[in-house]
Amino acid sequence: MTRSNFLKALGHGLRGIEQDERKRLLDYYGELFDDKLEEGKTEEEIIAEFGGIDGLKATILADYPGAQSRRNPVGLALSRTGLVLLSPVVFAVAVTLFALVFSLFAVSVAMVLAGLFYIVFSVPVFAVSTGVGVFQIGVCLFCAGLGIFLFFGSIYFKRFSMFAMKSIFRLYSYVFGKEAA
């Protein structure tokens with residue numbers, strides 16, 4: 001674990017402490033970390049010396065007994081309620097988008113294969129009528145081309161779906177994933 005990851009994890013673990021005090025603590029431990037690096041210790045040795053993230057967090061929080069109770073219980077309850085109630089909706093949207101993307105890929109491959117496969121059976125139609133045979137092969141090629149077009153369209157739809165789901169999950173975690181302060 002690097003110094004920045006250590007301080008980030010420590011700051012995340014000290015969310016119950018007021019922001020100014022938490023910043024002061026992070027600055028102090030950042031300077032202490034730098035001093036120990038200058039002494040020639042490795043980052044892993046320094047973190048082990050602190051007792052790891054959990055050990056250091058427990059030591060600091062022991063000095064701030066009200067830190068855990070400073071969270072807004074109403075906000076925390078609303079956050080957890082929203083998480084529970086909206087989880088099925090977000091999951092359903094994700095599954096629906098996945099099914100649509102998969103279906104578009106399957107349909108596009110089926111159209112290409114059907115168009116190319118039917119060309120083989122359109123050749124004997126030339127014996128009956130050249131015009132009908134040309135028309136039938138044209139329809140087969142159109143079907144295969146439409147399948148190729150749909151394949152590339154489904155690639156773009158997949159990218160759009162991924163972007164939409166990332167945005168939904170980012171919004172969802174922003175609204176319901178953070179603890180109320």
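User: How many disulfides does the rule give, and what makes a pair of cysteines count as one?

Analyst: The count comes to zero disulfides. A disulfide is a pair of cysteine sulfur atoms within 2.5 Å. For C140, the nearest cysteine sulfur is that of C143, 7.4 Å away, so by the 2.5 Å rule C140 is in no disulfide. The nearest cysteine sulfur to C143 is that of C140, also 7.4 Å away, and C143 is in no disulfide.

User: What kind of model is this, and how are its residues numbered?

Analyst: This is a predicted model: local features need pLDDT of at least 70, side-chain atom pairs count only at pLDDT 80 or more, and totals for chains, interfaces and linings use all residues. Residues are numbered from 1 along each chain as its sequence is written, and side-chain values use heavy atoms, with hydrogens and water left out.

User: Why is C140 called buried?

Analyst: Buried means under 20% relative accessible area, exposed means over 50%, and partly exposed lies in between (1.4 Å probe, protein chains only). C140 has 3% relative accessibility, so C140 counts as buried.

User: Is C143 buried or exposed, or partly exposed?

Analyst: C143 has 22% relative accessibility, so C143 counts as partly exposed.

User: Why does E31 count as exposed?

Analyst: E31 has 53% relative accessibility, so E31 counts as exposed. E31 lies in helix α2, residues 19–38. Helices are DSSP runs (H or I, at least four residues), numbered from the N terminus.

User: What makes a group of residues a patch, and which residues form the negative one?

Analyst: Patch residues have over 30% relative accessible area and no salt bridge; like charges are joined within 9 Å, nonpolar side chains (Val, Leu, Ile, Met, Phe, Trp, Tyr) within 5 Å. A salt bridge is a side-chain nitrogen of Lys or Arg within 4 Å of a carboxyl oxygen of Asp or Glu. Asp and Glu count as negative. E31, D35, E38 and E39 form the negative surface patch.

User: Which residues form the nonpolar patch, and which helix gives the most?

Analyst: The nonpolar patch consists of L83, V84, L85, L86, V89, V93 and I168, with about 570 Å² of accessible area together. Helix α5 gives the most, with six residues.

User: Why are V89 and V93 called partly exposed?

Analyst: V89 has 47% relative accessibility, so V89 counts as partly exposed. V93 has 32%, so V93 counts as partly exposed. V93 lies in helix α5, residues 73–122, and V89 is found in helix α5.

Key
Areas by Shrake-Rupley, 256 points an atom, 1.4 Å probe, with all protein chains shown as cover. Charge placed at Lys NZ, Arg CZ, Asp CG, Glu CD. Helix = DSSP H or I, 4+ residues; strand = E, 2+ residues; numbered from the N terminus.
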